[in-house]
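Subject: Structure handover

Hello,

Here is the structure I promised to pass on. Please open it alongside this note; the findings follow below.

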Amino acid sequence: MTTKSLVPGTLYLIPVPLYPGALQTLSSQVIQIIHATNYFIVEDARTARRFIKSTNPPSSIESLHIVELNKHAEDDPMILLSPLLEGNDVGLMSESGCPGIADPGSNLVLRAHERGIHVVPLTGPSSILLTLMASGMNGQHFQFHGYLSPKKDQIASDIRRLEEISRKYKATQIFIETPYRNQQVIETAIRTLAPATLFCVGVDLTSASEMVRTLPISKWKEVSLPELHKRPSVFCLEAK
């Protein structure tokens, strides 16, 4: 008599609000999946528990199996994948936004594909896409570059390089920065880029203080700059 092999569970990629408490940015499907899931892989267990609790789950937080996605776990993916291979559904969550998009998780997703695990991405807020949508820039051809160089004296050359790429390929260039360097980035961009180049700032996306503004560099030099220090921001540029 043959034994039927166990069907793996589903790995759900669960978006998290960009701002605490902004549950209105998540679909009812996301909340339903969270409430039906007992296993989670997260960046930080404490904030993940706080977020799950805010959705009013039917089960107690203490009964959930929550494992952090850290370097040790990534080196041994079976630590994270074993519940899936045992038939349990698992939710992967980053601290905010969508897992795997400028956030950890892509390596785990690849390992899941290698083992035939069904991966389901759920819709939710992405500050990168929201800024691009509202920028008025080319949404047919764009590139996301992540962070600029950590070296302060390299920021200007990095921005010039992105402008050259945009001009050559007619593509919007998108990047982010650690919040404490945001003001330096916008000031450097205005000093460095050509007058006709479009520059966009998206800040505090989905919050009450949200702002997305696009101007050519020549116009940015005529207005008061927004205060970006320690505020989550996304930057876009398009050379003209």
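First, a term: contact means heavy atoms within 4.5 Å. Helices (H or I, at least four residues) and strands (E, at least two) are DSSP runs, numbered from the N terminus.

This is a predicted model: local features need pLDDT of at least 70, side-chain atom pairs count only at pLDDT 80 or more, and totals for chains, interfaces and linings use all residues. Residues are numbered from 1 along each chain as its sequence is written, and side-chain values use heavy atoms, with hydrogens and water left out.

**Helix α8**

Helix α8 spans residues 182-192. Of its 11 residues, 8 are buried, so the rest of the structure largely encloses this helix. Buried means under 20% relative accessible area, exposed over 50%, partly exposed in between (1.4 Å probe, protein chains only). Among the buried ones are Asn182, Val185, Ile186 and Ile190. Their cover includes α7 (155-169), β7, β8 (198-203), α9 (217-220) and β10 (233-238).

**Thr172**

Thr172 sits in strand β7 (residues 172-176). Thr172 is buried, at 0% relative accessibility. A polar atom of its side chain lies 2.9 Å from the backbone oxygen of Asn138. Beyond neighbours within four places in sequence, Thr172 contacts several residues, including Leu132, His141, Phe142 and Cys236.

**Phe142**

Phe142 belongs to strand β6 (residues 142-147). Is Phe142 buried or partly exposed? Phe142 is partly exposed, because its relative accessible area is 36%.

Best wishes

Notes. Polar contact = N/O pair within 3.5 Å; in protein donor to acceptor, adjacent residues only side chain to side chain.
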